[in-house]
Structure formats: structure tokens, C-alpha cells
Amino acid sequence: MRRTWFQKIRMILTLTCDQSSRLVSDSQERELELHERIALRLHMASCKGCRRMRLQFKQLHKIALRFRKGKTPQLAGLSKGSRERIQKKIEEK
């Protein structure tokens, strides 16, 4: 969608957490436009929750890439029972 310069400035100044989440997700699939990158950086500078969410998105993206390559993610921090349940669910699909 083409935005006017006014809409772009407004987005930069009023980005919400929901919009930030969408941009982080979109950034995994495409290069963000300049005004989107600026808006996201400004929002991230002041929102700890969204910074944490962005890290989680990046981790999920890395895990998904490993699955595409046929590698299972490392489950080192989990108990043996949890690892077995996860592995069983993965094998069921």
C-alpha cells in the first residue's frame, strides 16, 4: 500500500506495540521501507516488551530455518520428559 508522506510521518510518531509486532514479523519476510524501519527503531528504543518480542521472533526464525534444513532444535535446557514429549509431537507431524 502506498502511503502519503503525512501517513509515513504519523506512523513514525505513533507506532503501537501491535504495529511493531507486525513490522518485526514482516521484516522476517521482506525488507522494510525506510519509514517503517525508523518507526520500529524509535518504538524499540522506548519499549522493553517489544525489544524482548523481537528477540523471540529472531529465535523462532532461526529454529524454523533449522527445521527446513532437517535439523531439530537444541532442547538442552528442558527436562528429559519435556524433551521426549516435544520430540514425540514433532515425529507425529
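**Exercise 1: a cysteine and its surroundings**

Cys 17 counts as partly exposed, because its relative accessibility is 40% (buried is under 20%, exposed over 50%, partly exposed in between, with a 1.4 Å probe and protein chains only). Before going on, note that this is a predicted model, where local features need pLDDT of at least 70, side-chain atom pairs count only at pLDDT 80 or more, and totals for chains, interfaces and linings use all residues. Residues are numbered from 1 along each chain as its sequence is written, and side-chain values use heavy atoms, leaving out hydrogens and water.

Solution: 
- Start with the criterion: a disulfide is a pair of cysteine sulfur atoms within 2.5 Å.
- For Cys 17, the closest cysteine sulfur is in Cys 50, at 3.7 Å, which is too far for a bond.
- Now take Cys 50, which is buried, with a relative accessible area of 5%. Its sulfur has its closest cysteine sulfur in Cys 47, at 3.5 Å, again too far for a bond.

**Exercise 2: an aromatic pair**

Task: Describe the one aromatic pair that a search of the whole structure finds.

Solution: 
- The partners are Trp 5 and Phe 6, with 6.3 Å centre to centre and 90° between the planes.
- Compare the cut-offs: rings of Phe, Tyr and Trp (its six-membered ring) pair if their centres lie within 6.5 Å, and planes under 30 degrees apart are stacked, over 60 edge-to-face, the rest tilted. The pair is therefore edge-to-face.
- Finally, check the exposure: Trp 5 is exposed at 66%, and Phe 6 is exposed at 52%.
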